[in-house]
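User: I have a structure open and would like to go through it with you. Can we start with the strands?

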Amino acid sequence: MNLLIHDLDEKEWEEIAEDYRGWEVIAPSKEIKPCVGCFGCWLKTPGQCVIKDGYDRMGALIHQADELVVMSKYTYGGFSSFVKNVFDRSIGWVLPYFTIVDNEMHHRKRYPEDKKITVIFRGNDLTKEDQADAKRYVEAVCRNFYGVIKDIRFDELKTEVAKDISIEEIEREEANVVAFNKTILLNASLRGENSNTGKFLEKLEGSIGEDVEIINLSAYINRPDELVKALLPVKRIVLGMPMYVDGIPSALLKIMEMLEKTHSAEDKKIYAVVNMGFYESRQIRNALKQVRKWSEKCGFSYCGGLAIGAGEMMGSLIKSINGANGPVKNVVEAIETLAGVIKSSSAIDDIYADAYKFPRSAYMFMAGMGWPKAAKQNGLKKKDLLKRIEE
Ligand SMILES: Cc1cc2nc3c(=O)[nH]c(=O)nc-3n(C[C@H](O)[C@H](O)[C@H](O)COP(=O)(O)O)c2cc1C
């Protein structure tokens, strides 16, 4: 079996459907729910997502496929929100446990094989730099997901996606919008109380002090138009997010695509706070580049990001009294620096904050120990976590 993941509209698909007769096809015709970051695909039903919307078996499908082809609209140097959503829902393809690949922390394989991948991006007027960004991103995904790149192509985008009516409504409303001087910290994690992003943003909120508010994307998940409306008049936005599959989580990406479509003329200063599970904050560079490219596409000013490695540990330490001298020291200092930059509405180069005096081997050991313990609470044994789904 071969597997195709695409985001083509019906007309585009009709033109090529014949070429993919007999393939397993994952397409946007069926509604897809975003990953909520619960790790159920590792700890409750190993290898399968717990959200039963027809996209819950992606890990097994990737395993069964001889080859994977991905067709995506070129979106800020990465995949469109639909294709990204499918990837975010596919982490059951790998195990929760860690290993080192190319001197970076990554997950261990659930299945023995590597997967051949072809990626076809569709976009117009893509520069050499645009193409290089997308290649770097696909390479990172493949390093993370045990993919072997067969080909990466860039095709012309034949049909521009039609505007949503709801977006046109937003544009009309925009005329009445009065810019306000508050800084909005948008928490794009859907993990609620447990969100590390929320903890970093709370710290940032405290350091900024006045005229700042945290908004949770989770509160708007079924009414994204309202979130877009709420963000339109805002002068400074901090996009707070967990890194998912080397990029921006799909739920946030969807909001970013919608904001781009509003063609808002309003100048905005965009900042980002991105945290990740692996150790090396440098792995976040593609996600920050995607935020930068989105800002440029929208006519906003990208004013700097903070990349946080070992996010799960940093999130639990950020509020500790001894934080100033512990592993979270670099993160605390970076948040204070970023707060100063935001307060003065200025810009800064991206900051990469890694664990302070806390070795990678210790972090990996600690993090690895946590998985069987967590699974035990769901009645699973250690060996259950290694389950392979063969059909
Ligand atoms: C679907 C999914 C994909 C992820 N992909 C990555 C990844 O590519 N690299 C990484 O270091 N961490 C990855 N993580 C781990 C999260 O970035 C990490 O757990 C983060 O601390 C979660 O932040 P939050 O609590 O604010 O949601 C992923 C987590 C999920 C649920």
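Analyst: Strand β1 (residues 2-6) runs parallel to β3, and five bridges join them. Strands here are DSSP runs of E with at least two residues, helices are runs of H or I with at least four, and both are numbered from the N terminus. Two strands pair if DSSP finds at least two bridges between them. The model is predicted, so to speak of local features pLDDT must be at least 70, and side-chain atom pairs count only at pLDDT 80 or more, while totals for chains, interfaces and linings use all residues. Residues are numbered from 1 along each chain as its sequence is written, and side-chain values use heavy atoms, with hydrogens and water left out.

User: Which residue of β3 stands opposite Leu-4?

Analyst: That is Val-69. Val-69 also stands opposite Thr-118 in β6. Strand β6 (residues 115-122) pairs with β3 in the parallel sense over seven bridges. Another bridge partner in β6 is Ile-120, which goes with Met-71.

User: Is β3 buried or exposed?

Analyst: Six of the seven residues of β3 (residues 67-73) are buried, so the strand is largely enclosed by the rest of the structure. Buried means under 20% relative accessible area, exposed means over 50%, and partly exposed is in between (1.4 Å probe, protein chains only).

User: What is the strand order of the five-stranded sheet?

Analyst: The order is β2-β1-β3-β6-β7, an open sheet with parallel pairing. β2 (24-26) and β7 (147-155) stand at the edges with a single partner strand each, so one side of each has no neighbour in the sheet. On average, neighbouring strands are turned by 15 degrees against each other, direction ignored. Axes are lines fitted to C-alpha atoms, for helices over the stretch in contact, and angles run from 0 to 180 degrees between N-to-C directions.

User: Which strands does α5 lie across?

Analyst: α5 lies across β6 and β7, at about 155 degrees to β7. Helix α4 lies across β1, β2 and β3, at about 135 degrees to β1. Contact means heavy atoms within 4.5 Å.

User: New topic, aromatics. How many aromatic pairs are there?

Analyst: A search of the whole structure finds 17. Rings of Phe, Tyr and Trp (its six-membered ring) pair if their centres lie within 6.5 Å; planes under 30 degrees apart count as stacked, over 60 as edge-to-face, and the rest as tilted. Phe-87 and Phe-145 make a tilted pair, with 6.2 Å centre to centre and 35 degrees between the planes. Phe-87 is in helix α4 (residues 81-88) and Phe-145 in helix α5 (residues 128-145), so the pair ties together parts 58 residues apart in sequence. Phe-87 and Phe-145 are both buried.

User: Where is Arg-236, and is it buried or exposed?

Analyst: Arg-236 is in strand β10. Its relative accessibility is 9%, so Arg-236 counts as buried. Leaving aside neighbours within four places in sequence, the contacts of Arg-236 include Asn-181, Lys-182 and Tyr-271.

User: Last one: what are the domains?

Analyst: The domain assignment gives domain 1 (2-155) and domain 2 (165-353); such bounds come from an automatic or database assignment. Their centres, taken over C-alpha atoms, are separated by 24 Å. The contact takes 33 residues from domain 1 and 29 residues from domain 2.
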